[in-house]
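Biologist: Please take a close look at one part of this model. Pick a single residue and walk me through its surroundings.

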Amino acid sequence: MTNNTEILRTEGLKRSYLVNETKIDVLKGINLDIYENEFVTLLGPSGCGKTTLLRILGGFLDADEGKVIFDNEDITDKPPYE
């Protein structure tokens with residue numbers, strides 16, 4: 001049973017990389033809601049953006065667009081140590 005307390009939310013996260021002068025879109029508008037007591041996993045093939053998403057959530061990488069909301073606070077631009 002899921003509690004209705006939202007812990008983490010992403011809104012329209014986008015991230016791309018430049019590879020050999022070609023723009024590669026890795027995250028294309030990721031919306032994610034995680035609630036208290038939920039167990040969440042990220043599954044997908046190599047190169048699909050799992051690690052990129054986790055690095056953005058942890059503050060180690062900036063998103064090109066979108067927001068990360070943790071405990072109702074926008075942490076999109078906060079460094080990892082905060």
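Modeller: Leave aside the neighbours of T52 within four places in sequence, and T52 is in contact with R15, Y17, V26, L27 and L61. Bear in mind that this is a predicted model. With Y17 there is also a polar contact, side chain to side chain, at 3.3 Å. T52 has a relative accessible area of 10%. The cut-off for buried is under 20%, so T52 counts as buried.

Now the setting. T52 sits in helix α1, which covers residues 50–58.

Strand β1 (residues 6–19) pairs with β3 (residues 65–70) in the antiparallel sense, over 5 bridges. In that pairing, E11 stands opposite K67 in β3.

Two loop residues complete the picture. Most residues other than glycine have a negative phi. N37 is not a glycine, yet its phi is positive, near 70°. N37 lies in the loop between β2 and α1. It is exposed, at 65% relative accessible area. D71 is not a glycine either, and has a positive phi of about 50°. Its place is the loop between β3 and β4. At 55% relative accessibility, D71 is exposed.

How values were computed. Residues numbered from 1 in each chain as written. Predicted model: local features only at pLDDT ≥ 70, side-chain atom pairs only at ≥ 80, totals over all residues. Heavy atoms only, no water. Helix = DSSP H or I, 4+ residues; strand = E, 2+ residues; numbered from the N terminus. Buried < 20%, exposed > 50% of the residue type's maximum accessible area, 1.4 Å probe, protein only. Polar contact = N/O pair within 3.5 Å; in protein donor to acceptor, adjacent residues only side chain to side chain. Contact = heavy atoms within 4.5 Å. Pairing = 2+ DSSP bridges.
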